Amino acid sequence: MTQYLAKRLAAILPTIFFVTVIIFTLQQLLPGDAATIMAGEDQDPNVIAYLRQKLHLDEPIPVRYGYWIWGVLHGDLGESLRIQEPVLGLILQKLPVTLELAAMAMLIALVIGIPAGIVSAIGKDSVWDYAANVVALWGLSTPNFWLGILMILLFSVQLGWLPASGYVSPFEDLGGNLAAMIMPAFVLGNAIAALLMRHTRSAMLQVLNADYVRTARAKGLDERTVVLKHALRNALTPIITLGALEFGTLLSGAVLTEQVFSIPGFGKLIVDAVFNRDYAVVQGVVLFTSTVYIVLNLLADLAYFLVNPRLRA
Amino acid sequence: MNRKFVMAFGLALAASASMAQTLRIGLAEDPDVLDPSLARSFVGRIVFASLCDKLVDIDEKLNIVPQLATSWQWSADNKSLTMKLRPGVTFHDGEKFDAAAVKFNIERHKTIAGSNRRGELLPVSSVDVVDDMTVRLNLSAPFSPLLTVLADRAGMMVSPKAAQANPANFGAKPVCSGPFKFVQRIAQDKITLERYDNYWDKANIHFDKITFQPIVDATVRLANLKSGQLDFIERVAPSDVAAIKKEGKLGLARITELGYQGITINTGKSDFAQKNPLGRDPRVREAFELSLDRAGIVKVAMDGEAEPGNQWVSPGNAFYAKNVPIPKRDVARAKQLLKEAGVPNPSFTLMTGTTSDAQRLAQVVQAMAKDAGFDVKIQSTEFATSLNLADKGQFEAYVLAWSGRADPDGNLFSFHGCKQPLNYSGECRANWDELLNRSRATLDPKERIKIFATLAAEIEKERPIIYLYHRNWLWAFNKKLTGMRTVPDGLIRVQGLKM
């Protein structure tokens with residue numbers, strides 16, 4: 001276990017280094033010129049020249065990478081040129097918002113997805129199975145932004161129950177915070193619930209036919225124990241991986257959902273930054289989220305150990 | 001007794017409600033940096049209108065009216081402008097506004113690294129403090145657009161003390177002298193301003209707080225207004241106008257913009273110009289223009305929410321050149337011109353934005369031009385990329401809008417002046433430059449109208465830009481909101497606004 005952990009940890013550093021190179025290079029390959037877009041409508045040549053110099057755009061890409069990585073190693077992710085705020089500050093400002101949204105969405109997904117998957121696996125080819133499949137298919141194929149706008153029209157404009165969009169800090173007003181987050185969390189959770197349901201179903205179907213489950217039943221265990229304790233526990237391994245990956249994706253920002261509901265999270269931050277060629281922000285956010293992604297993957301691997309005793313041997 | 005108590009309670013409630021009133025405004029984008037010297041976006045100007053007063057302002061009819069300067073006088077040679085300043089004005093940090101502050105600000109605009117105002121104030125060579133409340137701007141040459149320039153960000157005054165204390169990040173916490181002072185900004189979420197109690201015109205300010213929330217999607221912005229989370233939204237989608245009119249509790253205001261929507265043609269920016277009949281031959285451009293029905297374009301692409309136009313200012317503007325009216329669609333004549341040019345079926349690529357509005361416009365143009373024999377290929381390009389391609393001259397025709405300036409010079413000089421930064425067509429003519437410079441040096445509006453008429457006739461022959469229409473700024477708001485002023489710059493004046 002310790003050896004495995006050490007190996008995984010050692011692999012993280014080169015991975016992150018590789019990620020920084022990719023982020024940086026890909027961004028430089030984007031068409032368009034950061035200085036021109038930053039210069040705004042007027043395109044004043046003096047402003048463009050100043051920005052070029054400030055962004056080191058006249059220097060070769062490896063040198064620019066050097067400037068950036070040197071800052072990163074010293075804890076300085078740079079400053080957003082567009083709004084004059086430090087990138088790290090922006091990340092720390094958006095992180096709680098995105099974390100909350102991701103956690104709520106994941107919770108909704110788990111609460112809907114896993115029970116639905118179990119039910120449809122147990123009652124394979126029953127009415128419940130078909131119903132769950134139809135709902136899952138709907139969840140998977142509904143575009144987020146469309147569902148979001150329809151929910152706004154129904155719950156905010158027609159019924160007036162929930163705020164149409166925007167964000168309220170939970171420390172200011174917890175009720176207002178939940179009211180603002182429930183719709184976007186549902187929109188996001190909905191699609192993941194469908195995914196989890198499909199995977200839970202197929203994983204459960206596999207293990208329910210396994211010999212040890214038959215043995216458990218033969219021992220005279222009640223169906224509840226067989227399904228929840230013996231079958232589900234084994235079926236959970238791939239679902240944990242999927243859950244961690246989906247959570248990682250949520251953390252890197254739910255672009256469309258955040259846009260529709262005006263939730264000031266990572267998704268909105270990065271989209272605006274890409275369109276404005278605010279390089280420091282794009283690099284900082286992508287570096288941050290990919291690091292989180294890598295760490296989450298590691299945690300998922302560790303979680304296998306906890307649910308699967310065979311790996312511990 | 002009981003009734004009295006209820007009444008008193010009701011009155012107290014009403015009083016506290018009117019005491020702490022917030023105006024909640026929905027913006028179409030997140031503003032850029034809130035430093036008047038560095039700012040470069042239209043949406044930022046909406047926030048500035050509540051935050052930073054300017055030396056002068058413009059009114060509904062584009063007249064220059066006093067703001068921080070109460071009167072002004074040009075010298076006999078038109079090479080200096082003396083301004084009397086408003087007494088008793090203070091910045092949000094309590095510092096006094098005086099002639100020294102004006103000198104500091106103009107110099108800051110001109111010298112701060114990355115200033116977007118430097119070009120606008122280029123003709124201002126020095127600033128003299130005549131006395132405490134009088135300032136003189138000395139020019140290297142007469143410059144008629146100066147006052148309208150001072151009615152925008154170049155005329156905004158920030159607290160010298162605050163700007164000196166925080167030179168690198170002033171825009172993160174701006175200190176000005178407008179009706180509201182800066183409280184907080186959460187990027188992409190909210191900008192909060194609070195009423196400035198020592199504002200010189202405080203009798204006209206009826207809100208305690210203003211919040212600006214960027215909500216990019218027009219449908220969601222409107223939903224927020226309908227559900228009561230916002231009081232005011234800017235840039236309503238033209239397609240939503242009919243629904244808003246039916247809504248009893250919402251008001252709608254529209255103003256024709258100072259800017260325009262047009263198609264810029266590469267006539268000399270790069271070798272793309274000579275390789276394509278549209279860039280090479282003015283007859284082909286004339287045919288292209290004649291194939292277009294501007295009223296039809298406005299109807300389809302803008303749901304009728306724009307004014308058709310063929311110049312850099314709208315037909316209702318005092319500087320519109322009446323000698324060059326909007327041409328009627330004439331497909332037969334267009335075909336004949338193409339025949340004369342020897343290219344009955346010219347083909348070119350029209351670079352356009354990726355928004356649905358831009359796509360609609362491009363498709364209507366494509367369909368109309370086809371009737372005359374044109375084969376228009378639409379190339380949807382993300383904005384930053386398109387700007388880069390335009391700058392390098394790697395395009396044949398480009399759909400490009402301009403937000404507009406109060407003086408026609410702001411819509412003209414940089415676009416039609418030789419080698420100017422926004423001259424994407426690459427058309428470079430000595431006589432145009434001469435006319436442009438003359439219009440800058442002439443202060444008399446009547447003389448300027450004559451110059452613009454000559455220029456319009458000249459530009460019309462070459463058509464480096466085919467102007468199409470002037471969009472309406474569309475505002476929707478809670479009907480209880482009164483005192484709204486519709487100034488063509490599309491900015492929200494909070495003075496007099498009440499709910």
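The model is predicted. Chain A and chain B bury about 3,800 Å² between them. Within chain B, helix 11 packs against helix 13 through a contact of 7 nonpolar, 1 polar and 1 charged residues.

**Interface of chains A and B**

- The size of an interface is often given as the accessible area lost when the parts come together.
- Here that area is about 3,800 Å², with 50% of it on carbon and sulfur atoms.
- From chain A, 44 residues are in contact with 49 residues of chain B.
- A:Glu41, A:Asp42 and A:Gln84 contribute 19% of the area that chain A buries against chain B.

**Helix 11 and helix 13 of chain B**

- Helix 11 spans residues 294–302, and helix 13 spans residues 356–371.
- Their axes come within 9 Å and cross at roughly 145 degrees. The crossing is right-handed.
- Helix 11 contributes B:Gly296, B:Ile297, B:Val300 and B:Ala301 to the contact.
- Helix 13 contributes B:Arg360, B:Leu361, B:Val364, B:Val365 and B:Met368.
- By class, the residues of this contact divide into 7 nonpolar, 1 polar and 1 charged.

- B:Gln188 sits in the loop between strand 8 (180–186) and strand 9 (190–195).
- The relative accessible area of B:Gln188 is 3%, so this residue is buried.
- B:Asp303 lies in the loop between helix 11 and strand 14 (306–308).
- B:Asp303 is partly exposed, because its relative accessible area is 37%, between the cut-offs of 20% and 50%.

- B:Thr267 belongs to the loop between strand 13 (260–265) and helix 8 (272–275) of chain B.
- B:Thr267 counts as buried because its relative accessibility is 10%, under the 20% cut-off.
- A polar contact of 2.5 Å links the side chains of B:Thr267 and B:Glu427.
- Leaving aside residues up to four places away in sequence, B:Thr267 touches B:Ala273, B:Gly279, B:Arg285, B:Ser425, B:Glu427 and B:Pro464.

Terms used. Residues are numbered from 1 along each chain as its sequence is written. Chains are lettered from A and ligands numbered from 1 in the order in which they are written. This is a predicted model: local features need pLDDT of at least 70, side-chain atom pairs count only at pLDDT 80 or more; totals for chains, interfaces and linings use all residues. Side-chain values use heavy atoms; hydrogens and water are left out. Axes are lines fitted to C-alpha atoms, for helices over the stretch in contact, and angles run from 0 to 180 degrees between N-to-C directions. Helices (H or I, at least four residues) and strands (E, at least two) are DSSP runs, numbered from the N terminus. A crossing is left-handed if the near helix is turned anticlockwise from the far one by less than a right angle, and right-handed if clockwise. Contact means heavy atoms within 4.5 Å. Ala, Val, Leu, Ile, Met, Phe, Trp, Tyr, Cys and Pro count as nonpolar, Asp, Glu, Lys and Arg as charged, and the others, Gly among them, as polar. Buried means under 20% relative accessible area, exposed over 50%, partly exposed in between (1.4 Å probe, protein chains only). A polar contact is a pair of N or O atoms within 3.5 Å; within protein, one must be able to donate a hydrogen and the other to accept it, and residues adjacent in sequence count only if both atoms are side-chain atoms. Buried area is the accessible area (1.4 Å probe) that two parts lose on being put together, summed over both.
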